[in-house]
Amino acid sequence: MKVTVLGGGLAGISLAYFLQSDSKIEKIDILEKDDSIGGLCRSIKKDGYTYDIGPHILFSKDKEMLDLMLSVLDEKNDLKRSNQIIYKGRYVQYPFENDLSKLPEDDKNYCVTAFENNPYRGYKPENMLQFFLKTFGEGITNTYLRPYNEKIWKYDPSFMDTQMVERIPQPTDEEIRRSAAGETVDGYVHQLYFHFPTTGGIEAVVRGFEKRLSDKCEINLNAPVSKVEKLWESGFRVMAGDDSFDSDILISTMPIQELGATYTQTPDDIKAHIDDLKYNSIMIAFVHAKEDLCGDNFAFMNPEKDVIFHRISKMDFLGDAYHKDGATYMVEVTYRKGDYTDSLSDEEIRDRVFNGMQYLGFTKDISDLSLINLTRHQYAYVIYDLKHKENMTAVREYFAGQGIYLNGRFGNFEYWNMDKVLREAKNMAEQIIGGDGK
């Protein structure tokens, strides 16, 4: 059997890794439109610096997948999370509800009182906003959770479902009281300790899998897919660049929007479902500061509307290979095509990032900041709007009926972290091998 994998990100490379051991598979072609593998797990190198498309870290409750990711690295750094929320000029340790004593007195009392006297506890939430109100009360929701999520998603949380948040633990009255009394409680302990490649950025994980691919796997770079068709006899033909690839099995990890546009048999109703899917793009500004003014911390979240970025991460925290003099920051700005942020020029984005960094205390003077790089990435965050399940159920059923496998964050249009991508790749490989591709 021959296999064609569309997309050379973590999902595509790991699928090849899991499939290659099966003796029935003769050849695996991986088609990547860019000049490098990695997808959202690419690491960008500029002027001697290395940074990622967002603050990827290695942690998981899935020990098998975490061990696998770590096993493909040459070397790793072991780190303890130190993330802060910048609220009204104060550092509040992440997660917000576990460090309420750092809030101004009125805000703290509002959060605690609204939590202890929460009229929404008895309801079953049907959207993200209702989940926040039920779980945390209106105080924590209105001071942090709602404005921060509106900022990152550029979408009202009352129009998002609960898939992103329904696994968040419910704090107890005692935990909230302890938090308000001055005891900082570590939350989300499964990600409290994490790992990061000693060199090479998060792309080192993808490169580690690439090194373990056998000769039956071929990665084709600069191979944008222009046409996907189902052959009358059997199998599929993919046109990518000037080449064509025939295979018995087709796996798509490239964005579902691109598969829908290039597959010759995609019907109009499925195209309509795909067009209705919501996602955010992201700008990454990589900024050098002459001084390190933010201490031994990694990521900083900010809910204020007047600051253009929602999160800023200090790469220096991740190890010596990511540190030079001063400090280097990876700044994230979400947007969607055609919105106001998308209309801003690179110079306007830079100015707004610099002004926000000065306002939040990352520099004393804007002249001490320099923009090393600014990149824009179309596919970044899957948005679980209220029609996501309906749309993706129809899309998955259609492509499954065509014999096309979907995987990866944007291939299957699910907001998956790296461990989940690997788990789904392993499961899919076992399904293909066990079922002879049927």
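The lining of the largest cavity divides into three nonpolar, one polar and four charged residues, where Ala, Val, Leu, Ile, Met, Phe, Trp, Tyr, Cys and Pro count as nonpolar, Asp, Glu, Lys and Arg as charged, and the others, Gly among them, as polar. Those lining residues are Ala289, Lys290, Glu291, Leu293, Phe362, Thr363, Lys364 and Asp368, a lining residue having an atom within 4 Å of a point on a 1 Å grid where a 1.4 Å probe fits but cannot get out.

This is a predicted model, in which local features need pLDDT of at least 70 and side-chain atom pairs count only at pLDDT 80 or more, while totals for chains, interfaces and linings use all residues. Residues are numbered from 1 along each chain as its sequence is written, and side-chain values use heavy atoms, with hydrogens and water left out.

Turning to the strands, which are DSSP E runs of at least two residues numbered from the N terminus, β16 (residues 311-314) points Arg311 and Ser313 one way and Ile312 and Lys314 the other, all of them buried, that is, under 20% relative accessible area with a 1.4 Å probe, protein chains only. Strand β16 pairs in the antiparallel sense with β15 (residues 299-301) over three bridges, pairing requiring at least two DSSP bridges, and Met301 stands opposite Arg311. With β17 (residues 327-335), β16 pairs in the antiparallel sense over four bridges, and Lys314 has Tyr329 as its bridge partner there.

Notes: On a 1 Å grid over the protein atoms alone, a cavity is a set of points where a 1.4 Å probe fits but cannot get out, and a pocket is an open set with protein on both sides within 12 Å along at least five of seven lines; lining residues have an atom within 4 Å of a point. Buried means under 20% relative accessible area, exposed over 50%, partly exposed in between (1.4 Å probe, protein chains only).
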